[in-house]
Amino acid sequence: MRKSHELETFIKEHYAALCAVAVRFVGSPDAAQDIAQEVIIKFWENQHNQQDINSIGNFLYTMVKNESLNYLRGLQRETQRYTKLEIEEQEDPQVLNQLIAEDTNQTLINAINTLPLQSARIMRLVLSGYENREIAQIMGISVNTIKTLKYAAIRKLRVYFSSGNYELG
């Protein structure tokens with residue numbers, strides 16, 4: 001009971017001054033109150049180790065200053081983490097777009113695989129950047145046959161995608 005009364009007296013004597021000092025460092029009354037409470041608790045729990053203190057006021061001031069600096073460093077680290085997260089979120093659209101493109105490519109490849117072999121080969125060559133004339137040379141057939149098979153394949157792919165009966169990726 002006596003210790004409780006001593007703590008209460010100690011808080012009444014020092015709490016307001018500790019809050020005032022902390023506010024000057026951190027600028028936030030709420031944070032200052034938390035810091036003052038933290039300092040009082042630390043001091044009170046470790047007072048048996050602090051018997052050589054000449055001035056409790058100066059010691060508490062130093063504790064508040066150190067706690068305030070720790071608080072500000074913590075805020076700075078948190079701000080840096082959020083900044084890093086914001087940068088990563090800004091980069092995410094690129095990653096997301098790449099994933100969507102890969103998914104779309106895989107879906108297109110799956111659709112092309114449903115075509116007859118010759119039409120599928122023509123569409124793969126078209127997607128690889130070859131022109132009708134080059135495809136005709138590679139496959140050993142006429143340019144007109146390539147055009148006919150290519151446009152028939154495109155019509156089949158349109159039907160395939162408009163049906164909605166396909167799986168992504």
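Buried means under 20% relative accessible area, exposed means over 50%, and partly exposed lies in between. Keep that scale at hand for these exercises on a predicted model.

**Exercise 1.** Work out whether Glu67 is buried or exposed, and find which residues it touches.

*Solution.* Start with the location: Glu67 sits in helix α3, which covers residues 56-112. Next, take its relative accessibility of 16%; because buried means under 20%, Glu67 counts as buried. Finally, look at its surroundings: leaving out residues up to four places away in sequence, Glu67 touches Ile35, Glu38, Val39 and Lys42.

**Exercise 2.** Find the salt bridges and say which helices they involve.

*Solution.* The count comes to 2 salt bridges. Let's take Lys12 and Glu8 to begin with: their closest N and O atoms are 3.4 Å apart. Both residues lie in helix α1 (residues 2-26), 4 residues apart, about one turn of the helix. Lys12 is exposed at 64%, while Glu8 is partly exposed at 42%.

Now turn to Lys42 and Glu67, where the closest N and O atoms are 2.3 Å apart. Lys42 belongs to helix α2 and Glu67 to helix α3, so this pair ties together parts that are 25 residues apart in sequence. Lys42, at 31% relative accessibility, is partly exposed.

**Exercise 3.** Locate a negative patch and a nonpolar patch on the surface.

*Solution.* For the negative charge, look at Asp30, Asp34, Glu38 and Glu45, which gather in one patch. Glu38 lies in helix α2 (residues 29-45) and is partly exposed at 36%. For the nonpolar patch, pick out Leu69, Tyr71, Leu72 and Leu75, which make about 270 Å². Leu72 is in helix α3 and counts as partly exposed at 30%.

Key. Residues are numbered from 1 along each chain as its sequence is written. This is a predicted model: local features need pLDDT of at least 70, side-chain atom pairs count only at pLDDT 80 or more; totals for chains, interfaces and linings use all residues. Side-chain values use heavy atoms; hydrogens and water are left out. Patches are made of residues with over 30% relative accessible area and no salt bridge: like charges are joined within 9 Å, nonpolar side chains (Val, Leu, Ile, Met, Phe, Trp, Tyr) within 5 Å. Accessible areas come from the Shrake-Rupley method with a 1.4 Å probe; for residues, only the protein chains shown count as cover. A salt bridge is a side-chain nitrogen of Lys or Arg within 4 Å of a carboxyl oxygen of Asp or Glu. Lys and Arg count as positive and Asp and Glu as negative; His and the chain ends are not counted. The place of a charge is taken as NZ of Lys, CZ of Arg, CG of Asp or CD of Glu. Helices (H or I, at least four residues) and strands (E, at least two) are DSSP runs, numbered from the N terminus. Buried means under 20% relative accessible area, exposed over 50%, partly exposed in between (1.4 Å probe, protein chains only). Contact means heavy atoms within 4.5 Å.
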